Amino acid sequence: MAQNDQALLMRLRDSGLEFVVIGGVCVVYHGVPVATFDLDICCPFGEANVLKIESAVKDLNPVHRLTANRLRLDQTRGSFKDLKNIYLQTDLGKLDCLGEVAGLGSYEKALQQSVLHSMSFGEFRMLNLDALIAAKTAAGRQKDLDAVRLLRAVKERKEQQKELF
Amino acid sequence: MIDEETLAQMNGKYACPPDAGPAWRAAMEYGFDMSLIEESLKLTPEQRLAEHQQAINFFIELQESGQSHGAK
């Protein structure tokens, strides 16, 4: 099964959804080379925003990957207004959309602690380093705490060598 | 003549930057390969994500190859 984070990011941007990249991709962005097999974003929820997510992936056979029978996303429109998170499997990989970030709070909090980064395929918001450390610390799994050790080292190095960033 | 330290580095000993701070040294002592972090920090964020994508593609290819060959 493919995992094409760049293509997913471009589709989400084109849908008009506001979002901040969180999770492993953001860890990589900040300089810690971990292997992560999904794209995690934080975004505002509500029916209109879930419809934007759907529009971004509707031709990618999206299913709720954590439901026992992997419900198709388009079969669950009646519940869009009630969703707080969505965990999807698509033809371009796993996409997890969260309404809150542990350790930070709501999308607005994540947005406040994000940086806008311009890349060749567009501008995207990433959690800043301090926020990512807080989020990973709050997540608390061993892999998160391992990432925190390295992110703290990167932060320290960043402060020592501003030219690296 | 190769000195002892260089020989150790040739054999895999990590040369910690002399100005490395406590968090860097703590991560190193915890067992992380900090040379990978150093290399990553030399890249732009976009280059890091591109390398990550390549690695993921490789992992997935390996996984699918293993599955098609009956690996558990």
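Predicted model: local features only at pLDDT ≥ 70, side-chain atom pairs only at ≥ 80, totals over all residues.
Residues are numbered from 1 along each chain as its sequence is written, and chains are lettered from A and ligands numbered from 1 in the order in which they are written.

Secondary structure was assigned as DSSP runs numbered from the N terminus, with helices (H or I) of at least four residues and strands (E) of at least two. Strands are taken to pair if DSSP finds at least two bridges between them. On this basis, strand 8 (residues 114–119) of chain A runs antiparallel to strand 9 (residues 122–127) of chain A, to which six bridges join it.

A nonpolar core is defined as a set of buried Ala, Val, Leu, Ile, Met, Phe, Trp, Tyr and Cys residues joined through side-chain atoms within 4.5 Å. The largest core comprises 62 residues, of which A:Phe19, A:Leu39 and A:Leu127 touch the most other members. Helix 6 (residues 142–160) of chain A supplies the largest share of this core, six residues. Beyond its neighbours within four places in sequence, A:Leu127 is in contact with residues including A:Val20, A:Val21, A:Ile22, A:Leu104, A:Ser114 and A:Ala135, contact meaning heavy atoms within 4.5 Å.

A salt bridge requires a side-chain nitrogen of Lys or Arg within 4 Å of a carboxyl oxygen of Asp or Glu; by this rule the count over all chains is 12. In one of these, the closest N and O atoms of A:Glu54 and A:Arg77 are 2.9 Å apart. A:Glu54 belongs to helix 3 (residues 47–57) of chain A and A:Arg77 to the loop between strand 3 (63–64) and strand 4 (85–90) of chain A, so the pair ties together parts 23 residues apart in sequence. A:Glu54 is buried, at 7% relative accessibility, while A:Arg77 is partly exposed at 44%.

A:Lys155 and A:Asp130 likewise form a salt bridge, with an N to O distance of 2.9 Å. This pair links distant parts of the chain, A:Lys155 lying in helix 6 and A:Asp130 in helix 5 (residues 129–139) of chain A, 25 residues apart. The relative accessible area is 28% for A:Lys155, which is partly exposed, and 45% for A:Asp130, also partly exposed. For A:Lys81 and A:Asp82, the closest N and O atoms of the salt bridge are 3.8 Å apart. A:Lys81 is exposed at 52% relative accessibility, and A:Asp82 is exposed with a relative accessible area of 52%. A network of salt bridges links A:Lys136, A:Arg141 and A:Asp144.

Notes:
Heavy atoms only, no water. Buried < 20%, exposed > 50% of the residue type's maximum accessible area, 1.4 Å probe, protein only.
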